[in-house]
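Reader: I'm new to this one. Could you walk me through how to read a few of its features?

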Amino acid sequence: MYGSKVGRDYKNIERRLIKMYEFEPKNICAKKITFEISDDKKLHNVNFVGGCPGNLGAIVKLLEGADAGNTVKLLRGNLCGSKSTSCADQLAIAIEKALAS
């Protein structure tokens, strides 16, 4: 019984290759962005160090498991006030670089 249960649980585990990325953004309040991209191009564990905790916390929740390429399209070009970029835009830039590497 114990062995068969372990066997069933093991078969349900998906093994994925996940790469972690770290990015130092420019001209925004956040000082660092980290995230992971799985081999199926899904985002995981997006994290901002610094910045607006409410807005960035929402972005992080919304992006868990999101398609990386689609996320770039959605976030690229978003601005913060009079700045020429934003945390979302910088994340899109970081994801673009990660996908190209």
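Reader: Is Lys41 exposed, partly exposed or buried, and what is the relative accessible area?

Author: Buried means under 20% relative accessible area, exposed over 50%, and partly exposed in between (1.4 Å probe, protein chains only). Lys41 is partly exposed, at 43%. A quick note on the source: residues are numbered from 1 along each chain as its sequence is written, and side-chain values use heavy atoms, with hydrogens and water left out. This is a predicted model, where local features need pLDDT of at least 70 and side-chain atom pairs count only at pLDDT 80 or more, while totals for chains, interfaces and linings use all residues.

Reader: What is the phi of Lys41, and where does Lys41 lie?

Author: Most residues other than glycine have a negative phi. Lys41 isn't a glycine, yet its phi is positive, about 65°. You'll find Lys41 in the loop between β2 and β3 (43-49); strands are DSSP runs (E, at least two residues) and helices likewise (H or I, at least four), numbered from the N terminus.

Reader: What about Asn27?

Author: Asn27 has a positive phi too, near 60°. Asn27 sits in the loop between β1 (18-23) and β2 (32-38), and is exposed, with a relative accessible area of 60%.

Reader: At what angle do α3 and α4 pack?

Author: Axes are lines fitted to C-alpha atoms, for helices over the stretch in contact, and angles run from 0 to 180 degrees between N-to-C directions. Helix α3 (residues 68-75) and helix α4 (residues 87-100) pack at about 145°, with axes 8 Å apart.
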